[in-house]
Amino acid sequence: MRKIQAAIFGTGFMGRVHTEAARRLGNVEIAAVAGSNEERARAFAERNAIERATGDWRELVADPALEAVHILTPNELHFPMAKAALEAGKHVVCEKPLATSVAEGEELVALARRTGLAHCTFHNIRAYPQTRNMRAIIEAGEIGEVLAVQGTYSQDWLLYDTDWNWRIESGPSRTFADIGSHWCDLAEFVTGQRIVSVCADLNTFHKKRKKPKGPVETFAGKTLQPGEYTEVPITTEDFGAMIFRMGQRARGAITVSQVAAGRKNRLFLEVYGTKGGLAWDAERQDELWIGQRNSPNQSVIKDPALLHEGAREFADLPGGHSEGYDDTFKQTLRRFYRTVEDRGAPVDYPVFEDGLRQLKILEAVLESSRKRGWADVA
């Protein structure tokens with residue numbers, strides 16, 4: 001079996017998850033890692049048994065032996081890294097958001113089309129067996145015409161003003177760009193419809209936060225003493241609410257929060273149609289609720305033998321065996337590297353156009369919140 005040589009850009013949580021998922025495929029070798037400095041890169045390489053480490057990602061872009069790169073860095077680096085990698089002839093996996101503006105996203109989409117290289121915006125939530133099952137059920141017409149789409153994405157890891165992460169200073173939006181984009185991508189993916197206009201309200205509850213003077217683990221900020229942090233003003237939102245119009249007839253509503261006490265990672269999506277309803281919760285990822293007006297509701301547990309055909313291939317384990325967050329990485333990367341190996345293979349994963357789509361929704365959300373009124377999605 002030919003091993004595809006790939007590089008990881010980024011040494012945080014995502015770097016570890018992508019490294020582990022790629023290795024599960026069998027035909028991908030994570031041959032190098034680039035960090036924000038050489039010390040971090042070497043420490044990550046030692047922990048994850050990667051032979052090569054560097055503090056300069058451009059060094060890896062210039063290496064013809066590396067066929068693909070995974071961009072898992074702070075948001076403002078996504079555009080220059082993806083652009084340089086495509087121009088160097090490398091296939092690109094990029095964490096969302098694809099870029100920090102619609103203009104940057106459009107440039108990357110155009111470049112990806114010109115080069116003909118494989119490209120993926122990493123909206124991995126699509127790859128759960130039950131989210132695929134939702135899509136297949138809706139495509140089959142089993143819940144009828146979609147009338148309402150609603151839900152939330154709630155976390156609590158930035159609840160305190162002592163909580164800190166690089167995302168707080170990562171562009172014009174934080175909560176909606178970080179987790180709202182996942183929800184909107186999933187809502188459009190499972191329904192097959194587009195969000196066409198939005199009315200949004202974003203709010204920053206902590207106008208100032210205590211930024212650590214040195215590295216600190218997430219959730220550990222509350223242990224800092226006054227001399228160990230600096231108070232800084234905050235412009236990115238902690239919370240967002242949005243109502244929206246979808247397609248020709250459907251309507252929807254969503255809240256996103258990173259200050260929801262007790263919620264660790266609850267992406268909850270409900271879709272209601274003229275015949276029935278569906279609901280899925282990322283914290284109970286193996287379950288799908290199916291609602292009916294005139295018969296008992298169902299809570300269906302993941303079992304490949306009982307999934308719709310379009311969802312079955314996203315479940316590798318038999319019924320009764322859970323498949324979770326890390327498995328969505330494996331499933332997405334399996335399909336991405338299939339197209340790296342065979343450029344004629346079907347593309348069954350989110351691409352740069354999908355990343356651009358979410359940047360356009362985010363642009364409308366920011367405009368709507370700023371002017372306190374409706375905004376159309378470009």
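Against which elements do the buried residues of α5 pack? In this predicted model, local features require pLDDT of at least 70 and side-chain atom pairs count only at pLDDT 80 or more, whereas totals for chains, interfaces and linings use all residues. Residues are numbered from 1 along each chain as its sequence is written, and side-chain values use heavy atoms, with hydrogens and water left out.

The protein chain comprises ten helices and 17 strands (DSSP runs numbered from the N terminus: H or I of at least four residues for helices, E of at least two for strands). Its radius of gyration is 21 Å, close to the 21 Å given by the globule rule for 378 residues, so the chain is as compact as a globular protein of that length (taken over C-alpha atoms; the rule is 2.2 Å times the number of residues to the power 0.38). Of the 378 residues, 56% count as buried (under 20% relative accessible area, 1.4 Å probe, protein chains only).

Helix α5 (residues 102-115) contains 14 residues and reaches 20 Å from its first C-alpha to its last, close to the 20 Å expected at 1.5 Å a residue (1.5 Å times one less than the number of residues). V102, G105, L108, V109, L111 and A112 are the buried residues of α5. These residues pack against α4 (78-87), β6 (119-121) and α10 (352-371), where contact denotes heavy atoms within 4.5 Å. Just after α5, G116 adopts a positive phi of about 75°.

Residues 24 or more positions apart account for 70% of the contacts in the protein chain with a separation of 6 or more. The C-alpha trace spans about 65 × 55 × 40 Å along its principal axes.

Terms used: Buried means under 20% relative accessible area, exposed over 50%, partly exposed in between (1.4 Å probe, protein chains only).
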